[in-house]
Amino acid sequence: MPRPPKFASVGAVRRSFAPWADPDAKPLIRFENVTKRFGDAIAVNDLSLDVFEGEFFCLLGPSGCGKTTLMRMLAGFEHPSEGRITLAGQSLAGVPPYRRPVNMMFQSYALFPHMSVEKNIAFGLKQDGLPKDEIAARVGEMLRLVQLERLAKRYSSQLSGGQRQRVALARALAKKPKVLLLDEPLGALDKKLREETQFELMDIQHELGMTFVVVTHDQEEAMTMADRIAVMDHGRIVQVATPGGIYEQPKTRFIAEFVGDVNILEGNVLGQENGLWHVQTPSAEAPLTIDDPDEVLHSGQAVAIAVRPEKMVIQRNPPGPGAVNVLTGEVWDIGYLGDWTVYRVKLASGAILRVTLANRSRFVESPIDWDDQVYVTFAPDAAVILAE
Amino acid sequence: MTRRLSLFNVTSLVIGFAFLYLPILLLVVYSFNASRLVTVWGGFSTQWYGALFRNEALMEAAWVTLRIALLSASLATVLGTLAALALTRYGRFTGRTLFTGMVYAPMVMPEVITGLSLLLFFVAIGLDRGFWTITLAHTTLTMCFVTVVVQSRLMTFDRSLEEAAMDLGAPPLRTFFSVTLPLIAPSIVAGFLLAFTLSLDDLVIASFNTGPGATTLPIRIYSQVRLGLSPEINAASTILIGIVTLGVVSATVLSKRSLLRSQRNAH
Amino acid sequence: MTRRPFARRLTDGLVPVIPYLWLGIFFLVPFLIVLKISLSDPAVAQPPYKPVFELSDIVSFFQGLDLENFEVLAGDDLYLSATLSSVRIAALSTVLLLLVGFPIAYGIARAPARHRPLLVALVILPFWTSFLIRIYAWIAILKPEGLLNQALTELGVITDPVHILNTETAVYIGIVYAYLPFMVLPLYASLEKMDDTLLEAALDLGSTPWRAFWTITVPLSMPGIIAGSLLCFIPAVGEFVIPDLLGGSETLMIGRQLWSEFFSNRDWPLASAVAILLLIILVAPIVVYRDVEARRVETQR
C-alpha cells in the first residue's frame with residue numbers, strides 16, 4: 001500500500017494554493033506533445049506540460065536544455081514542429097506574437113534605446129490604440145509599481161542595470177497580459193540585487209495575481225520564487241514539482257545533482273524488510289537501510305542513494321551499536337563558510353562525501369580536524385533511492 | 001539568436017546584386033563580340049583586344065595613368081598615415097578642427113570644384129600643367145581617403161601593446177616600427193590600394209589639371225565615349241575589371257590566410 | 001615629464017606638420033584663389049583672367065574685385081534653373097537610392113553572420129572598378145537599339161523602343177547605380193548593429209511587423225540613413241560625368257555648367273563663381289555630414 005505523499009507540505013509554497021493537485025482544475029497554458037526541431041537538432045522533444053492561472057512557474061535547466069525555446073514558442077517567436085499549445089483552451093497555432101495576450105521580459109531587456117522610460121512602457125499600450133489619458137494613467141501606475149517615477153524621462157543608456165530591469169518589467173506588465181514570460185530575469189544583476197529583486201518579483205506577482213513563467217538556469221532563483229518548477233534536460237521535462245518536492249524527492253540523479261548539493265552512493269538492492277530497503281554499497285561495510293517506500297525495486301537492482309550534505313552527521317566517536325548507515329573515512333578538506341562548515345570526507349572506497357554542519361555557536365572550537373578519522377551517519381529517511 | 005532570411009530579403013538581395021553586376025557582365029560579354037556594333041551580337045572574337053594593344057594612344061594613356069597612380073598613391077599613403085597618426089595620437093593640437101575639416105572636405109566636395117581650384121592654384125604659381133600637376137592633385141585628394149582608413153584602424157588599436165613593448169625596453173621609435181606599424185600595415189595597404197584605384201579612375205580632376213603629353217586613360221576613354229560606343233573600350237574596360245577583380249580576390253585570400261595563420265599560431 | 005632629446009621632439013613635431021602643410025598648400029590656398037578669381041574680371045589673355053594680384057597695391061586689389069560674376073549668375077536664368085535642377089535631381093536620386101539601398105542593406109544584415117562579409121564585399125567590389133566604365137556600360141543598355149530595348153521587345157513588353165538614354169531618367173538610373181555602395185554600406189552598418197530582440201519585443205508588445213519596422217527599425221537606423229543620404233546627395237549635386245554621358249542636352253546640372261564655362265567658354269572667373277555657388281549650396285549638408293561623422297566617431301570610442 002503506498003502511503004500518502006510524504007512531502008506534500010514541504011517547501012515555501014503558499015499552502016492553500018495548489019491547483020495542480022486538483023483534478024478538476026483547468027490549466028491556463030497547456031503544451032500537448034510539443035516537439036521543436038531546428039534542422040536536425042531537437043530542441044524540445046515530445047513535451048507535455050500544464051501551467052495554472054496565478055502560478056509562478058519556473059523552467060529550470062542547464063543551457064541548451066530547450067527551456068528558452070519552450071518560452072519562445074509560448075511568445076510566438078518559434079512554432080512547434082509537432083503538437084499544440086493552448087492558452088485558456090484556445091490553440092495558439094497561427095497566432096502571431098503581436099496578437100497573443102502574452103508579454104515577455106527579455107533577457108537583454110530589449111529596451112528601445114531611442115525612447116524614454118515612459119515611452120518604452122507606453123509602447124505596448126499605444127499598439128492597442130488606447131486613448132492618451134488612459135495610457136498616461138497606466139504608465140504612471142506601472143512607474144509607481146516598480147518605483148521609477150522620477151526616471152520617467154530618462155533613456156535606457158542613462159539607467160543602471162537594476163533600473164533597466166525594472167523598466168523592462170514595467171513595460172511587459174503594462175498591458176496586463178494573461179501570462180508574463182521572464183527570460184533569465186535576474187541574470188544580469190549582481191548577487192545582492194538579485195536576491196532583493198527575487199522577493200520583489202514575488203510580491204508583484206502576488207499583487208497582480210498574474211501567471212508568471214520564468215526561464216532560469218539558476219536553481220536558487222527557481223527555488224526561491226517558484227510555486228512549481230519544471231526541470232528540463234535535453235528537450236524533455238524530467239520532473240515537475242514544488243521546490244520542496246524537487247529538492248527532497250528528486251526523481252533522477254540528474255535532478256538530485258542539478259538542484260543543490262548531493263552525495264551519491266552507488267549500490268545494489270538486497271531486499272525489503274518492514275518497508276525499509278537494504279542496499280549493499282562498497283562505501284560502507286554494513287548494508288544501508290533506506291526509508292523510501294514509494295520506490296518499486298527488485299533484488300540485485302543497481303541503484304544510487306542520494307543524501308543531501310546537511311542531512312548527514314559527522315562525528316569523531318564511533319556511533320552506538322544499534323546505529324544504521326555508518327560510513328567511515330578521514331577528513332580531506334574543511335571549508336569554513338561562516339554560517340556553515342563544509343567537510344569533505346574521503347571514504348575507504350575512495351569516494352568523497354560532502355557533509356555540512358551548521359555553526360550554531362560562536363565559540364565552540366571545531367572538534368574535527370584535518371586527517372581525523374571520522375564517522376558519517378544519516379537517518380534512513382534522509383536518503384532517496386534513485387533507480388539507475 | 002538565429003536570423004532568418006525572409007523571401008523578401010532574398011528577393012531584394014538577388015535583384016540588388018543583379019542590378020549591380022548585370023551591366024558590368026554585359027560589358028565584359030560584348031567585349032568578345034565579333035561585330036563592330038556594340039549592342040548586336042555577331043559571334044565570339046578577341047579581335048578587339050588585338051586592336052586595343054595596337055592602339056598606341058590608348059596604350060600611352062594607360063602607361064601615364066599607371067605612373068601617376070603609383071606615384072600619387074605612394075605619396076598619399078605616407079601623408080595619409082602621418083595625418084591619421086596626428087589625428088589619433090596628438091590630442092588637441094592647435095588648428096585641429098581646421099585640419100579635420102581639410103581631411104574630410106575633399107572627400108565630399110564635388111570633383112569639379114577640387115579640380116578647378118587646383119588648376120587655378122597651379123596657374124597662379126606658374127607650374128606647367130601635365131604629369132606633375134595631376135600627380136599632386138591626386139595625392140591631395142587620395143591622402144584624405146588613406147587618412148580615414150588608417151585612422152579607423154588606429155582608433156581600435158590596443159595601446160597596451162605599445163606600452164608592453166616600451167615596458168620591455170623598446171624605445172618609442174623602435175616600438176612604432178616593430179609593433180605599431182606591423183599591426184596597422186593591413187590598413188595602410190588598404191589605403192594605398194584605395195588611393196591607387198581612385199587615381200586610376202579619376203576623370204574630372206585629371207581633365208582640369210592635364211597638359212600636353214599627359215593624357216590619362218579615363219580622359220582618353222571619355223573622349224572616345226563621347227564620339228560613340230566602341231568595342232575597343234569594352235575590351236579595355238574588361239581588362240581593367242579583370243585586374244581589379246584579381247587584385248581584390250587575391251587581397252581577400254591573402255588576408256584570410258594571414259588571419260588563419262595567426263589563429264593557428266595562437267593555439 | 002622628462003625632456004626628450006631634441007631630435008625626437010623634431011620628428012615627433014613633424015608628424016602633424018607635414019600633412020597639415022600639404023593640405024594647407026594644396027587644398028586651402030587653391031580654395032582661396034577660386035574665391036578671389038570668382039570676384040575678378042575675365043580677360044582674353046593667357047591665363048584667361050585678369051590678374052589683380054598686385055600685393056604692392058592693396059587698394060587696386062580691392063578695387064579690382066567685384067561681384068560682377070555673381071551678378072551674371074543671378075541675372076541669367078540658366079544658372080538658377082541649373083542650380084534648382086541639380087538639387088532636384090540629387091534629392092530625388094537620394095530618395096531612390098534609399099528605396100533601392102534599404103532592402104539590400106536589410107537583406108545583408110539579416111543574412112547569416114558567416115555570409116555577411118562576402119555580401120558586403122560584393123557591394124563594394126563594383127566601387128573598385130572604374131566609375132567611368134560603369135557609366136559607359138549603361139549607354140549600351142539604355143540606347144534606343146540597346147540591350148534593354150532588345151530584351152523588352154523580345155519579351156513582347158513593348159513594340160517601339162523606349163527612349164531612356166539622354167533623358168533625365170537615365171541620369172537617375174546612373175546616379176542610383178554609381179552611388180549604391182555609398183548608400184548600402186552606412187545603412188548596413190547601422191542595421192547590422194541593431195539588436196534583433198528589440199523587434200521581437202515590439203512584436204511581443206502588440207506591434208505588427210510593419211509598424212515595428214517604422215517605429216523601431218527606421219528610427220534606429222537613422223544615423224545610417226542620414227550618413228548614406230548625405231554621402232550620395234552631396235557628390236550628386238556636383239555630378240558631371242553622369243549627366244554628361246547619360247543625360248540629354250536639356251538635363252541641366254551645375255557641375256556640367258561649370259565644366260562648359262571652363263572648357264567651352266573659357267570663362268574662368270565665371271566658372272569660379274559657379275564653383276562658389278555650388279559650394280554655398282553644399283555648405284549646409286557638408287556641415288551636417290561633419291556633425292554626423294563626428295558623432296559616429298565619438299560613439300565608436
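Two residues are in contact here if their C-beta atoms, placed from the backbone, lie within 7 Å. By that criterion, among the contacts in chain A between residues at least 6 apart in sequence, 66% join residues at least 24 apart. The model is predicted, so local features need pLDDT of at least 70 and side-chain atom pairs count only at pLDDT 80 or more, while totals for chains, interfaces and linings use all residues. Residues are numbered from 1 along each chain as its sequence is written, and chains are lettered from A and ligands numbered from 1 in the order in which they are written.

**Chain A overall**

- Chain A holds 8 helices and 20 strands, where helices (H or I, at least four residues) and strands (E, at least two) are DSSP runs numbered from the N terminus.
- The C-alpha trace of chain A spans about 80 × 50 × 40 Å along its principal axes, and buried residues make up 38% of its 388 residues.
- A residue is buried if 20 or more other C-beta atoms lie within 10 Å of its own, exposed if 12 or fewer, and partly exposed in between, with C-beta atoms placed from the backbone.
- An unreviewed UniProt entry lists residues 29–259 of chain A as "domain: ABC transporter", and such annotations may be inferred rather than shown by experiment.
- Over residues 29–259 the chain is 36% helix and 26% strand, and the end C-alpha atoms are 25 Å apart.

**A helix pair in chain A**

- Helix α2 (residues 117–127) and helix α3 (residues 132–145) of chain A pack at an angle of about 130°, with their axes 9 Å apart; axes are lines fitted to C-alpha atoms, for helices over the stretch in contact, and angles run from 0 to 180 degrees between N-to-C directions.
- α2(A) and α3(A) are therefore oblique to each other, since angles under 35 degrees count as roughly parallel, over 145 as roughly antiparallel, 65 to 115 as roughly perpendicular and the rest as oblique.
- To this contact α2(A) brings A:Glu118, A:Ile121, A:Ala122, A:Leu125 and A:Lys126, and α3(A) brings A:Ile135, A:Arg138, A:Val139 and A:Met142.
- The residues of this contact divide into 6 nonpolar, no polar and 3 charged, where Ala, Val, Leu, Ile, Met, Phe, Trp, Tyr, Cys and Pro count as nonpolar, Asp, Glu, Lys and Arg as charged, and the others, Gly among them, as polar.

**Two asparagines with positive phi**

- A:Asn274, in the loop between β11 (263–273) and β12 (276–280) of chain A, has a positive phi of about 55° although it is not a glycine, and A:Asn274 is exposed, with 6 other C-beta atoms within 10 Å.
- A:Asn325 also has a positive phi of about 55° without being a glycine; A:Asn325 lies in the loop between β15 (312–315) and β16 (326–336) of chain A and counts as buried, with 24 C-beta neighbours inside 10 Å.

**Contacts between chains**

- Of the 2 pairs of chains in contact, chains B and C share the most contacts, whereas no contact joins chain A and chain B, whose closest C-alpha atoms lie 10 Å apart.
- In the pairing of chains B and C, 58 residues of chain B are in contact with 68 residues of chain C.
- The largest share of the side of chain B that touches chain C, 11 residues, comes from α1(B), and this side has 47 nonpolar, 9 polar and 2 charged residues.
- The contact between chain C and chain A takes 14 residues from chain C and 16 residues from chain A.
- On the side of chain C that touches chain A, α9 (196–204) and α10 (209–220) of chain C each supply at least two residues, and α9(C) gives the most, with 6 residues.
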